[in-house]
Amino acid sequence: MKITLQVWRQADKSSAGNFESYTLDSVSEHMSFLEMLDVLNEELSVQGKEPVAFEHDCREGICGSCGFVINGRPHGPNPKTTVCQLHMRSFKDGDQLVLEPFRAAAFPVIKDLVVDRSALDRIIQHGGYVSVNTGNPQDANALLVSKDDSDKAMDAAACIGCGACVAACPNASGSLFTSAKISHLALLPQGQPERERRVVAMLEQHDAEGFGPCSQHGECEVACPKGIKLTNIARMNGDYLWAQLLGSPRVGGSADGG
Amino acid sequence: MIDVGRIWRSSAGAKAVMAVSGMILFGFTVVHMLGNLNVFLGREAMNDYGAFLHEVPDLLLVTRVVLLTALVAHVVTNIKLMQDSAKARPQAYKVVTPKGSTLYSRTMRISGPIVLTFIVLHLLNLTFHPVGKNWLHPDFRLQAGGHAPDAFHNLTTLLSQPLWGIFYVLANLGLGLHLFHGAFAMFRSLGVSGDRQLGSARMAATGLAVAVSGGNVLLALAILVGLVK
Ligand code: FES
């Protein structure tokens, strides 16, 4: 099949980018989207041109490395699918596809379709962990977790940190990511001792990174390849308000690197 | 100590301010719409209701202060949030394909200013006495011997004018769109995260949004076409 691509090309962080058009005449419908780009890059290198930079690692939909926007949808048109798991059979012969990097002030473009998502790592550094003193592991059944909580925690923990939620959000908010990372700890007993400090520190780091506020549009939930629920954001909001209005006065700038 | 400034500066805190102020204003629109229904009961019922609201001036004043505070908080916080969100995406996408958001969530920035304009004009039309006869009201009157306005007369003479009538209908449709998204968002912004609680809270609020918008639109239409005069 024939596919026409309009790809965002940008040499580096500081240069201005622009769209370039490429046409591929014999794309197999069995190719994954990234394999199609591999073919394009092969052609570009043969012609002595700079290949299109895009990020990828596992190509199995589990690492969260890949991701760009195809015709206005992060990771492309299919629900709960990373772009590495997207196949060309999802498109038709003659399709025109516009490929853009995730657009957010907090995600500066490094090159072409590759953006710097280390802002997400810094949010994690501000509390996306539990501080456990090492020692003998306790009995596995000593901590009881209800089925409902454990399911919700596991669902939140499925976040692969790809940043599609930010890309999809009209406000470029990172609330879905941040709330997933908060929720999977907030729902479990191990997350309770640091729950208030964690939500304040992580949410304020989210804001400091330049992500926008959540208007509850719901775009993120639909774009998320792992089906992370919008209710996580509601839980984060509740926890944040609780911590600020009723919680410990020391929340925020703590000594443990948080 | 509760650090109000810090809460307001945070994205979740600012949204909570939007939710609480929005909830106050939402609640007011429900009461206001129910009060409006007196028009269908006739001149006397409407004017008695109007006089009843003016019966305890202190209560009226407190209500107005609370509402004005909520309105100012809602507008000012929204300006901050809009700036934050514009800063968060300096470069727009070439192709935008919305999928999860709703028409009313995406039009909050249009419905908001429509509602604000409506509130200002509506207050100048019917709440604060315009000086003499001016374009904001064809013939504003107080009730005979009273301090309360002749609400029935004022409302019907205003809304039977086609331009004002149509404006009131459109503005209340805008209000409906605005409340629709509000009904969806406010509970989440305040941290209601249980699927069942969220479902019922949202359903109730959506029902109220339909009632407010629908009730007001019906009333304006009834006066506009001359069913109530
Ligand atoms: S490359 Fe790992 S998720 Fe797509």
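Author: The domain assignment, which comes from an automatic or database source, divides chain A into domain 1 (3-111) and domain 2 (118-246). This is a predicted model, in which local features need pLDDT of at least 70 and side-chain atom pairs count only at pLDDT 80 or more, while totals for chains, interfaces and linings use all residues. Residues are numbered from 1 along each chain as its sequence is written, chains are lettered from A and ligands numbered from 1 in the order in which they are written, and side-chain values use heavy atoms, with hydrogens and water left out.

The centres of domain 1 and domain 2 of chain A, taken over C-alpha atoms, are 29 Å apart. In contact (heavy atoms within 4.5 Å) are 18 residues from domain 1 of chain A and 21 residues from domain 2 of chain A. The two domains bury about 1300 Å² between them, with 64% of it on carbon and sulfur atoms; buried area is the accessible area (1.4 Å probe) that two parts lose on being put together, summed over both. One salt bridge is found across this domain interface, a salt bridge being a side-chain nitrogen of Lys or Arg within 4 Å of a carboxyl oxygen of Asp or Glu. A:Glu219 and A:Arg73 also meet through their side chains in a salt bridge, at 3.2 Å from N to O.

Next comes the core. A nonpolar core is a set of buried Ala, Val, Leu, Ile, Met, Phe, Trp, Tyr and Cys residues joined through side-chain atoms within 4.5 Å, where buried means under 20% relative accessible area (1.4 Å probe, protein chains only). The largest one has 43 residues, and A:Phe107 and A:Phe211 touch the most other members. Domain 1 and domain 2 of chain A each give this core at least three residues. The contact takes 43 residues from chain B and 49 residues from chain A, and the area buried between them is about 3600 Å², of which carbon and sulfur atoms give 54%. B:Arg6, B:Arg89 and B:Tyr93 supply 17% of the area that chain B buries against chain A, more than any other three residues. The count between the two chains is one salt bridge. The side chains of B:Arg6 and A:Glu204 meet in a salt bridge, at 2.8 Å from N to O.

Conventions: Buried < 20%, exposed > 50% of the residue type's maximum accessible area, 1.4 Å probe, protein only.
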